[in-house]
Amino acid sequence: DALKFDNSARAVLPTGQQLRVLLVGEDDPFLENALKADPSIAVEILRPESWRSTLGAGFDVVAFDNWLPAGLAFERLGSEPSLFFGRTPFNLAGEQIAPDFLEPSESNSPLLWNVELGDIRLTKAEKLTVPADGRWRTTIPMRSAGEPMVMALEGPGNARVVAIAFA
């Protein structure tokens with residue numbers, strides 16, 4: 001037919017392995033329940049005051065929910081995969097923006113698989129800045145009014161990071 005949007009298909013098969021996620025942040029029942037809804041994800045929750053940089057070892061990903069460890073800058077990110085919601089090492093000095101509609105800017109990004117953006121409205125987000133040092137490969141799968149809302153980065157030491165501008 002003439003419609004291109006239905007010309008692809010994806011299937012996800014269970015691997016039998018669990019992804020170990022350390023979630024660091026204050027109480028966020030929406031994020032916690034979203035992670036716990038997937039049986040392939042084993043979530044451990046840690047309050048920010050208990051955080052130590054050595055605690056991320058042994059986890060497949062460390063997710064920071066609207067909180068950053070003191071002194072963490074993108075230049076100091078290690079090799080553990082990290083996910084940042086709201087506050088990220090890529091925020092532009094805490095500058096906030098009022099985002100409009102979310103729009104995919106890289107529709108083939110795996111971060112957008114099974115994500116419907118049409119009804120999502122945000123009241124605020126932190127302005128993200130793309131690292132300019134040339135050591136990071138950056139993709140921006142989601143924008144709002146031209147501003148990055150989600151960035152996926154690969155950097156020195158095999159660092160893999162996803163930064164989300166909103167909590």
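Two strands are taken to pair if DSSP finds at least two bridges between them. Helices (H or I, at least four residues) and strands (E, at least two) are DSSP runs, numbered from the N terminus. The structure is a predicted model, in which local features need pLDDT of at least 70 and side-chain atom pairs count only at pLDDT 80 or more, while totals for chains, interfaces and linings use all residues. Residues are numbered from 1 along each chain as its sequence is written, and side-chain values use heavy atoms, with hydrogens and water left out.

**Overall composition**

The protein chain has one helix and ten strands, and along the sequence these follow the pattern β-α-β-β-β-β-β-β-β-β-β. Of its 167 residues, 39% are buried, where buried means under 20% relative accessible area, exposed over 50%, and partly exposed in between (1.4 Å probe, protein chains only). The accessible surface of the protein chain comes to about 10,400 Å², and carbon and sulfur atoms hold 53% of that; areas come from the Shrake-Rupley method with a 1.4 Å probe, and for residues only the protein chains shown count as cover. A contact means heavy atoms within 4.5 Å. Among contacts in the protein chain with a separation of 6 or more, 51% are between residues 24 or more positions apart.

**Strand pairing around strand 8**

Strand 8 (residues 137–144) is joined to strand 6 (residues 103–104) by two bridges, and the two run antiparallel. Within this pairing, Pro 104 stands opposite Met 142 of strand 8. Strand 8 is also joined to strand 9 (residues 147–154), by six bridges and again antiparallel. Here Arg 143 has Pro 148 of strand 9 as its bridge partner. The hairpin of strand 8 and strand 9 has two residues between the strands, and Ala 145 in this hairpin takes a positive phi near 50 degrees.

**Positive phi in loops**

Most residues other than glycine have a negative phi, and most peptide bonds are trans. Asn 66 has a positive phi, near 55 degrees. Asn 66 lies in the loop between strand 3 and strand 4 (82–85) and counts as partly exposed because its relative accessibility is 40%. Asn 114 also has a positive phi, of about 60 degrees, although it is not a glycine. Asn 114 sits in the loop between strand 6 and strand 7, and it is exposed, with a relative accessible area of 82%.

**Nonpolar core and Trp 51**

A nonpolar core is a set of buried Ala, Val, Leu, Ile, Met, Phe, Trp, Tyr and Cys residues joined through side-chain atoms within 4.5 Å. The largest such core has 41 residues, of which Val 24, Trp 51 and Met 149 touch the most other members. Trp 51 is placed in the loop between strand 2 (41–46) and strand 3 (61–65), and it counts as buried because its relative accessibility is 14%. Apart from neighbours within four places in sequence, its contacts are Leu 22, Val 24, Leu 46, Gly 56, Val 62, Phe 64, Trp 67 and Pro 69. Pro 69 is 18 residues from Trp 51 along the chain, with 7.6 Å between their C-alpha atoms.

**Charged side chains**

A salt bridge is a side-chain nitrogen of Lys or Arg within 4 Å of a carboxyl oxygen of Asp or Glu.

Salt bridges that share partners join Glu 26, Asp 27, Arg 47 and Glu 49 into one network.

Glu 126, in strand 7 (residues 125–128), is buried yet has no salt bridge. The nearest side chain of opposite charge is Arg 87, 6.4 Å away; Lys and Arg count as positive and Asp and Glu as negative, with His and the chain ends not counted. Beyond four places in sequence, Glu 126 is in contact with Gly 86, Asn 91, Gly 94, Glu 95, Gln 96 and Ala 165.
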